[in-house]
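Open the model in a viewer and keep the sequence panel beside it. The stops below give a selection and then what is found there.

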Amino acid sequence: MTAPGRRRPRRSWPTRALLAVVLTVLAVTTSGCADPAPAAAPAPTSTAAPDTAAPAAVLPAVLAASRPVRVQIPAIGVDSDLMDLGLQPDGTLEVPPSGFPAGWFTDAPTPGERGPAVIAGHVDWAGSPGVFAELGDMVVGDEIAVQREDGSTALFRVTEVGQYPKDAFPTAAVYADLDHAGLRLITCSGEFDPAAHSYLDNTVVFADLVLPA
């Protein structure tokens with residue numbers, strides 16, 4: 001797998017991200033799930049934006065950019081290194097080459113920065129559970145810790161868990177700009193289509209930063 005040789009200037013996260021991820025992911029294997037296939041669709045409802053009773057100032061401060069190196073999710077027993085996932089020459093998102101580890105999308109913010117960081121992983125591989133085999137079992141309030149190269153840990157709390165058909169992937173909700181630091185975890189789910197060698201749905205976990213440590 002080849003990571004991107006260079007990144008575009010961070011001129012505008014929504015423009016850059018939506019142009020990149022609107023393309024369908026074509027990496028489908030006979031031994032594991034095909035990872036996210038973003039397509040424009042109505043966004044699911046997530047945590048309500050702060051109103052006058054809950055000003056934006058109550059949100060934790062965002063962190064400076066630092067590459068994520070490990071993700072830990074105690075509720076489902078995940079403790080995984082993170083590899084880089086970029087874009088393939090045809091513009092589609094790379095996927096991990098095996099069931100472990102999970103990967104971070106390098107053209108998105110780093111976990112803890114303002115905006116939506118994205119981590120993807122397989123639900124299974126070659127007949128064995130993948131790193132995100134139990135991602136769909138997560139519930140609102142579960143915590144996700146992401147260790148970063150600078151020695152800090154970004155702690156996130158789940159705000160929503162959804163399952164979506166791949167032809168109705170919530171692209172805007174996953175990749176659109178945020179006024180705070182968010183995290184999205186993505187894997188395959190639903191029924192397996194043997195003809196397409198792919199699962200029919202994606203599970204997406206939405207989380208917000210609660211503690212930069």
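The model is a predicted one. The accessible surface of the protein chain comes to about 9500 Å², and carbon and sulfur atoms hold 57% of that area.

Switch to a cartoon view. The protein chain has 2 helices and 10 strands, and read along the sequence they follow the pattern α-β-β-β-β-β-β-β-β-α-β-β. Of the contacts in the protein chain with a separation of 6 or more, 66% are between residues 24 or more positions apart.

**Stop 1: the largest nonpolar core**

Select Ile73, Ile119, Phe132, Met138, Ile144, Leu183 and Leu185 and show their side chains. Within the largest nonpolar core, which has 25 residues, these seven touch the most other members. Which strands each supply at least two residues of this core? They are S1, S2, S3 (102-105), S4 (115-120), S7, S8, S9 (181-193) and S10 (198-212).

Now centre on Leu183. Leaving aside neighbours within four places in sequence, Leu183 is in contact with Pro111, Ala117, Ile119, Ile144, Val146, Phe156, Val205, Phe206 and Ala207.

There is also a second, separate core, made of 13 residues. To find it, select Phe105, Ala108, Val174 and Val204, which are among its members.

**Stop 2: Val158**

Move to Val158, in strand S8. Is this residue buried or exposed? Val158 has a relative accessible area of 2%, and therefore counts as buried. With neighbours within four places in sequence left out, the contacts of Val158 include Met138, Val139, Val140, Gly141, Asp142 and Ile144. Val205, Phe206 and Ala207 are also in contact with Val158. Draw a distance between the C-alpha atoms of Val158 and Phe206: the separation is 5.8 Å, although the two residues are 48 apart along the chain.

**Stop 3: Arg70 and two aspartates**

Turn to the charged side chains, where the count comes to 7 salt bridges. Select Arg70, Asp79 and Asp81. The side chains of Arg70 and Asp79 form a salt bridge with an N to O distance of 2.6 Å. Arg70 also meets Asp81 in a salt bridge, at 2.1 Å from N to O. Arg70 lies in strand S1 and Asp81 in strand S2 (residues 78-85), so this pair ties together parts that are 11 residues apart in sequence.

Colour these residues by accessibility. Arg70 is partly exposed, at 24% relative accessibility. Asp79 is partly exposed with a relative accessible area of 45%, and Asp81 is partly exposed with 44%.

**Stop 4: Arg67 and Glu149**

Finish with Arg67 and Glu149, whose side chains meet in a salt bridge at 3.9 Å, N to O. The pair links distant parts of the chain, 82 residues apart. Glu149 sits in the loop between strand S7 (143-148) and strand S8 (153-165), while Arg67 is in the loop between helix H1 (13-21) and strand S1 (68-73).

How exposed is Glu149? Its relative accessibility is 56%, so Glu149 counts as exposed. Arg67 is partly exposed, with a relative accessible area of 26%.

Salt bridges that share partners join Arg67, Asp84 and Glu149 into one network.

How values were computed
Residues are numbered from 1 along each chain as its sequence is written. This is a predicted model: local features need pLDDT of at least 70, side-chain atom pairs count only at pLDDT 80 or more; totals for chains, interfaces and linings use all residues. Side-chain values use heavy atoms; hydrogens and water are left out. A salt bridge is a side-chain nitrogen of Lys or Arg within 4 Å of a carboxyl oxygen of Asp or Glu. Helices (H or I, at least four residues) and strands (E, at least two) are DSSP runs, numbered from the N terminus. Buried means under 20% relative accessible area, exposed over 50%, partly exposed in between (1.4 Å probe, protein chains only). Contact means heavy atoms within 4.5 Å. Accessible areas come from the Shrake-Rupley method with a 1.4 Å probe; for residues, only the protein chains shown count as cover. A nonpolar core is a set of buried Ala, Val, Leu, Ile, Met, Phe, Trp, Tyr and Cys residues joined through side-chain atoms within 4.5 Å.
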